[in-house]
Amino acid sequence: MELKSFDDNCVRILTASGEVYEGIVSYCGREYVFHEYGCDQEALLLTPVLFFQDDIVSVTSLEEVDGPFGHYSEKYGLLEKKCLEWGTDMIEEVLESEDDTQILRMLSCMKDTLPSLAARAVPGVAPWRGGKSMPGAEESEDEPGPVYRGELENMLGALVNHNGNEEVVREARELLERLSRQNSRTAENACTG
């Protein structure tokens with residue numbers, strides 16, 4: 001399989017563990033991957049996940065697909081769901097990407113899972129923003145990463161204020177308002193409970 005031929009294409013990746021991811025990938029050559037990750041093989045980067053060649057069973061181009069979700073099979077997929085599980089850093093990588101389609105897919109996933117996302121969120125911003133280390137930072141891939149309410153609000157606010165795509169701005173604004181209402185209800189319930 002010639003990974004380089006998929007550079008800057010929308011693809012479906014089937015991993016050795018049976019997971020399926022969809023999105024626009026960037027090709028990462030053997031030298032780059034070895035220098036950055038210490039692994040002597042090629043890879044595909046689907047922000048924020050790097051797929052090493054040995055972990056890829058197949059790659060299928062979705063460039064010719066044009067369905068109700070464009071090149072994608074659903075409005076969001078496993079990548080977006082995993083980013084929410086992995087926490088603030090991974091959500092941020094997607095929302096700061098330059099791919100408006102990927103941003104919209106992430107926002108859609110966040111909207112559909114907002115009650116559980118808001119319930120899981122902790123107040124404030126990530127401790128590492130202020131240079132503090134995080135106790136227990138060696139998280140297991142099986143455990144959800146922390147989601148900081150202040151970080152979510154900052155990310156969504158940045159999209160509203162700085163993204164040039166009207167749909168992204170509209171979706172981010174709506175999600176920010178819903179998150180604010182959810183936070184108000186949570187605070188009210190804590191006071192009356």
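Strands pair if DSSP finds at least two bridges between them. Helices (H or I, at least four residues) and strands (E, at least two) are DSSP runs, numbered from the N terminus. This is a predicted model: local features need pLDDT of at least 70, side-chain atom pairs count only at pLDDT 80 or more, and totals for chains, interfaces and linings use all residues. Residues are numbered from 1 along each chain as its sequence is written, and side-chain values use heavy atoms, with hydrogens and water left out.

View 1. Axes here are lines fitted to C-alpha atoms, for helices over the stretch in contact, and angles run from 0 to 180 degrees between N-to-C directions.

**View 2. Bridges on either side of β2.** Strand β2 (residues 20-28) runs antiparallel to β1 and is joined to it by six bridges. Val11 has Gly23 of β2 as its bridge partner. Asn9 stands opposite Val25 in β2. The hairpin of β1 and β2 has four residues between the strands. There, Gly18 takes a positive phi near 90°. Three bridges join β2 to β3, again with the strands running antiparallel. Tyr27 finds its bridge partner in Leu44 of β3.

**View 3. Asn9, a buried residue of strand β1.** Strand β1 spans residues 9-15 and contains Asn9. Asn9 counts as buried because its relative accessibility is 18% (buried is under 20% relative accessible area, exposed over 50%, partly exposed in between; 1.4 Å probe, protein chains only). Its side chain reaches the backbone oxygen of Asp7 at 2.8 Å. Neighbours within four places in sequence aside, Asn9 is in contact with Gly23, Ile24, Val25, Ser61 and Glu63 (contact means heavy atoms within 4.5 Å).

**View 4. Helix α2 against helix α3.** Helix α2 (residues 78-86) packs with α3 at an angle of about 135°. Their axes are 6 Å apart. That angle makes α2 oblique to α3 (under 35 degrees is roughly parallel, over 145 roughly antiparallel, 65 to 115 roughly perpendicular, the rest oblique). From α2, the contact is made by Cys83, Leu84 and Trp86. From α3 come Thr88, Met90, Ile91 and Val94. By class, the contact has six nonpolar residues, one polar and no charged (Ala, Val, Leu, Ile, Met, Phe, Trp, Tyr, Cys and Pro are nonpolar; Asp, Glu, Lys and Arg are charged; the others, Gly among them, are polar).

**View 5. Val94, a buried residue of α3.** Helix α3 holds Val94. With 1% relative accessibility, Val94 counts as buried. Leaving aside neighbours within four places in sequence, Val94 is in contact with Thr47, Pro48, Cys83, Gln102, Ile103 and Met106. The C-alpha atoms of Val94 and Leu46 are separated by 9.6 Å. Along the chain, these two residues are 48 residues apart.

**View 6. Helix α3 beside helix α6.** Helices α3 (residues 88-95) and α6 (residues 149-162) pack at about 0°. The two axes lie 11 Å apart. The angle makes α3 roughly parallel to α6. Thr88, Ile91, Glu92 and Leu95 make the contact from α3. Their counterparts in α6 are Glu151, Leu152, Met155 and Leu159. Five nonpolar, one polar and two charged residues make up the contact.

View 7. Beyond neighbours within four places in sequence, Lys111 is in contact with Glu171, Glu174, Leu175 and Arg178.

Definitions and conventions. A polar contact is a pair of N or O atoms within 3.5 Å; within protein, one must be able to donate a hydrogen and the other to accept it, and residues adjacent in sequence count only if both atoms are side-chain atoms.
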